[in-house]
Amino acid sequence: MVSWLDEWAYRNELAKLNITFKLTLTFVWLIWALCGTNVVRCIIVVWLFSWLLYHARLPWRVCVRFFVIIVLVVIGSCVPLLFTVDQTIHFVSENMAEAATICLRALASSFALFFLAITTPFFRIVHGLSRWHVPKAFIELLLLTYRFIFVLEKAAMQLFMTVRIKNGERSWRLASLAEAQLFRQAMRDYEATIIAQAARNVSFIFPICGDEQLPRKYVIEACVWFVVLLMMEVLYVNVS
């Protein structure tokens with residue numbers, strides 16, 4: 001999954017779009033998704049879908065695949081809000097509105113972060129954060145975590161292959177032993193990565209992205225979308 005996202009981050013049409021512009025958009029989307037109304041959150045999701053399909057030129061299957069995954073995760077997380085346990089399980093209809101608000105908030109926020117992740121190579125995100133004078137220690141920790149994710153993904157694939165080799169045999173003892181062994185192997189791989197970086201005198205010098213682009217049409221379109229969001233926000237507040 002991580003390799004899949006990283007691959008599309010380099011292959012989409014928005015990969016070289018100005019990172020400061022992207023980070024600003026993402027920050028505004030997150031604030032609006034957290035503090036706005038449900039109507040605005042739905043519009044944000046539509047906006048992101050249109051940019052991913054039309055401007056980034058991503059296959060619709062890629063966008064729908066992630067959308068379905070995040071919807072299932074969000075719904076699964078909000079289902080407990082609809083029930084109460086008092087010797088028996090009761091359905092609480094009064095929490096429907098609150099659960100819907102939480103679902104839309106989580107969906108819009110997650111989709112905004114997904115837009116940034118799938119349209120921007122990681123080194124450009126690091127470059128943008130350094131422009132914003134984010135503490136260097138935080139960026140270095142982010143880089144180390146990003147590299148370790150691929151090590152964990154490799155370990156997960158090995159665990160899956162181990163289960164396949166066992167012909168799907170379900171044994172808690174075998175599963176725990178395999179997970180422990182793969183975790184140790186992942187830590188060894190990560191330690192080897194750190195040693196290799198130290199041997200090559202690799203320092204956390206953030207690359208300069210000199211090929212960034214910021215066509216005027218994206219700025220104009222973003223301003224139009226923000227005007228629409230603001231109008232819908234005001235209209236929704238006045239009607240309600």
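Biologist: What share of the contacts with a separation of 6 or more joins residues 24 or more positions apart?
Modeller: That share is 79% in this predicted model. Contact here means heavy atoms within 4.5 Å.

Biologist: What pattern does the chain follow along the sequence?
Modeller: The order is α-α-α-α-β-β-α-α-α-α-α. That gives 9 helices and 2 strands.

Biologist: Why is C63 called buried?
Modeller: Its relative accessible area is 0%. Buried means under 20%, so C63 counts as buried.

Biologist: And what makes C223 partly exposed?
Modeller: C223 has a relative accessible area of 43%.

Biologist: How many disulfides does a search of the whole structure find?
Modeller: The search finds 0. A pair of cysteine sulfur atoms would have to lie within 2.5 Å to count.

Biologist: Where does N12 lie?
Modeller: N12 sits in the loop between α1 (2–11) and α2 (19–35).

Biologist: Why does N12 count as buried?
Modeller: Its relative accessibility is 6%. The cut-off is under 20%, so N12 is buried.

Biologist: How do you know that the side chain of N12 makes polar contacts?
Modeller: The side chain reaches the backbone oxygen of A9 at 3.0 Å. It also reaches the backbone nitrogen of L14 at 2.7 Å.

Biologist: Which residues is N12 in contact with, leaving aside neighbours within four places in sequence?
Modeller: They are A56, L58, I118, T119 and T120.

Key:
Residues numbered from 1 in each chain as written. Predicted model: local features only at pLDDT ≥ 70, side-chain atom pairs only at ≥ 80, totals over all residues. Heavy atoms only, no water. Helix = DSSP H or I, 4+ residues; strand = E, 2+ residues; numbered from the N terminus. Buried < 20%, exposed > 50% of the residue type's maximum accessible area, 1.4 Å probe, protein only. Polar contact = N/O pair within 3.5 Å; in protein donor to acceptor, adjacent residues only side chain to side chain.
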